[in-house]
Amino acid sequence: MLPSTKGDGMATSVQITPGMRGYGPAEIQCAASLCRPGPTVAPTDTNATVRDLFDRHRELISLPVIDGTRACGLIKRRTFQSEMAKPFRQELHEHKSCVAFMDGQPLIIEAETSIERTAKLVADSHTDALADGFLVVRGNEFLGIGFGLDLMRKVADQQEARNRQIMQSIDYASVIQRAMLQTSQEILKAELPDSAIVWQPRDTVGGDFFQCAKFDHGVFIAMADCTGHGVPGAFMTLISSSWLAQALERDGPADPAQLLGTLNRKIKQSLGQIGSRVVGEQSDDGLDALFMWLNRRDRVVTYAGARMPLHVLPDGAATVITHETDRVGVGYVGTPIDHRWKNRTLTLQQDDLLYATTDGLTDQIGGSRNIGFGKRRLRQWLLDCRDMPAPAQVAAIMQAHAEYQGQHRRRDDVSLICLRVP
């Protein structure tokens, strides 16, 4: 037990979970192997203790609540900080039991559950277990907390070790990836009813991802195209989306350029691009991206991009305006770790249309001349479909794209987002 000092000088006990060590070969493939060591709190601990732990441990995403050895629930950083930021909440609840802001029904998984089954449970849980974590227990005894990124790493390791079961493992990864994207899609639809997203991986899993998050007065929207496709691309999407979610929690949505910079540093660190002196030792992987903060109250969009443009069709205008962004990708070896992207701001009107797409759509070879679909053809389709609801627009564009592709092989993952300003 380690002492945790409250703001008033009083000390309370905070347990540090030791994590799982010494497992045999069979247990390495179970949920028990996902347990991370970290602090926990008891139901008798106060919200001040929770606040201090989150302040001192910036890497903490969630904090388990343990009564003796029994798991009671999970305190999620984003929920806790959001609740405590409301007027008078800190004064009223600071010295009350931490269970006030606890999720009393988190996903709980038995230690001996297989990795494949764990992935299915996380995907089917209809909770934020992928981002916020899940509790691992053996009977009534709490063992530790597991996270989606570790789960995906474990799935990828098993794919390499068991080539005969590769397609089954990819299918599980696809379930997880689609579940993550579905959450963002639901947020966007709730905040911007006339919106639509297309996500079509070239293979079972893909290297494109989009991410939406709701905030006061607006919504944050990200679209990204990670290096590669298939399993390598999907692994990059999880690394990138996980770091982006943490950056949004810490820094908020209003500075997309800063978020790109944070993501650039985190990816370079994750892929060992810092401090390596051996030529060819680094992984030259990264992503192109467009981050947008749409302030619905003021109808202002602040955006920053890395080699991905924003297309705008103002209400009543005769042409689509393509706003190009910085020509520097995120996370690549050639991108400086301190590179700063640039924010741009547009004032919008009701019924203006915003579009973003990965280059898999415009680069697709097809047609009678066997050339790329291209931005000019895309802009013409955006004009032709402007009066349709967003779902009908993207359906018409993707139908035209499929007909243009014809018998040619799909070259890359394809993603498209359309939204109308309310």
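Q: In which strand does S62 lie?
A: This is a predicted model, in which local features need pLDDT of at least 70, side-chain atom pairs count only at pLDDT 80 or more, and totals for chains, interfaces and linings use all residues. Residues are numbered from 1 along each chain as its sequence is written, and side-chain values use heavy atoms, with hydrogens and water left out. Strands (E, at least two residues) are DSSP runs numbered from the N terminus. The run of residues 62-67 holds S62, and this run is strand 4.

Q: Is S62 buried or exposed?
A: Buried means under 20% relative accessible area, exposed over 50%, and partly exposed in between (1.4 Å probe, protein chains only). The relative accessible area of S62 is 2%, so S62 is buried.

Q: Which residue has a backbone oxygen that the side chain of S62 reaches?
A: Contact means heavy atoms within 4.5 Å. Leaving aside neighbours within four places in sequence, S62 is in contact with several residues, including F54, L74, I145 and D132. The backbone oxygen that the S62 side chain reaches, at 2.6 Å, belongs to D132.

Q: What is the relative accessible area of D67, which meets R70 in a salt bridge?
A: The N to O distance between the side chains of D67 and R70 is 3.8 Å. R70 counts as partly exposed at 43% relative accessibility. D67 is also partly exposed, and its relative accessible area is 43%.

Q: Within what arc do the buried residues of helix 13 fall?
A: Helices (H or I, at least four residues) are DSSP runs too. Helix 13 covers residues 390-405, and its buried residues include A390, V394, I397 and H401. They line one face of the helix, because seen down the axis (by directions from the axis to the C-beta atoms) they fall within an arc of 160°.

Q: Which residue takes a positive phi just after helix 13?
A: Helix 13 has 16 residues. Just after this helix comes a positive phi of about 60°, taken by G406.

Notes:
Salt bridge = Lys/Arg side-chain N within 4 Å of Asp/Glu carboxyl O. Expected span 1.5 Å × (residues − 1). Polar contact = N/O pair within 3.5 Å; in protein donor to acceptor, adjacent residues only side chain to side chain.
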